[in-house]
Amino acid sequence: MVDRLTPERRSWLMSRVRGKSTMPEMAVRRMAHAMGMRFRLHRRDLPGRPDLVFPRYRTVLFVHGCFWHRHAGCRKATSPKSRTEYWQAKFEGNVARDERNETQLIRMGWRVLTIWECDTKDSELLREKLESVRSIRGGKDDGLD
Ligand SMILES: [Zn+2]
């Protein structure tokens with residue numbers, strides 16, 4: 001049986017398979033860049049390969065798809081009507097893995113921030129979240145990473 005995916009979910013899935021960046025990730029990167037913040041992408045040496053890493057602020061940022069990572073209370077976090085057990089297990093696995101990665105990162109001394117896919121459509125909210133990363137030291141990026 002084939003699961004029915006919306007075109008949006010399918011393209012997200014395919015982009016993940018190819019290891020390319022998703023649109024929400026691109027929105028976050030564009031904003032961080034516009035704000036003059038310095039970051040690295042997908043550092044493989046960190047648990048969960050965070051989407052953006054801000055070394056200066058010792059902060060990692062995950063851009064999570066609302067569907068796959070189960071954004072609580074979000075209308076995008078729907079549950080497929082077929083193969084419900086399969087999806088349930090998959091979702092639980094994703095959420096458990098996210099929690100594991102976050103715990104490990106915190107133990108390593110990182111601050112962990114999650115930006116949800118639906119947040120990235122609101123550029124003011126996005127800016128506020130990134131400001132909160134920057135405010136940790138109250139300063140401006142001066143290239144001394
Ligand atoms: Zn959401």
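R49 is partly exposed, at 37% relative accessibility; the term covers values between buried (under 20% relative accessible area) and exposed (over 50%), computed with a 1.4 Å probe on protein chains only. The model is predicted, so local features need pLDDT of at least 70 and side-chain atom pairs count only at pLDDT 80 or more, while totals for chains, interfaces and linings use all residues. Residues are numbered from 1 along each chain as its sequence is written, and side-chain values use heavy atoms, with hydrogens and water left out.

R49 lies in the loop between strand 1 and strand 2, strands being DSSP runs of E with at least two residues and helices runs of H or I with at least four, numbered from the N terminus. Although R49 is not a glycine, its phi is positive, at about 45 degrees. H42 is placed in the loop between strand 1 (40-41) and strand 2, and this non-glycine residue has a positive phi of about 40 degrees. Most residues other than glycine have a negative phi.

Strand 2 (residues 52-54) pairs with strand 3 in the antiparallel sense over three bridges; pairing requires that DSSP finds at least two bridges between two strands. F54 has T59 of strand 3 as its bridge partner. With strand 4 (residues 111-116), strand 3 pairs in the parallel sense over six bridges, and F62 stands opposite T114 in strand 4.

Strand 3 (residues 59-64) is mostly covered, with six of its six residues buried. One side carries T59, L61 and V63 and the other V60, F62 and H64, and all are buried.

The axes of helix 2 (residues 23-34) and helix 4 (residues 123-134) come within 10 Å and cross at roughly 60 degrees. Axes are lines fitted to C-alpha atoms over the stretch in contact, and angles run from 0 to 180 degrees between N-to-C directions. The contact (heavy atoms within 4.5 Å) involves A27, V28, M31 and A32 of helix 2 and S123, L126, R127 and L130 of helix 4.

The structure holds zero disulfides, a disulfide being a pair of cysteine sulfur atoms within 2.5 Å. C66 is buried, with a relative accessible area of 0%, and C74 counts as buried at 16% relative accessibility.
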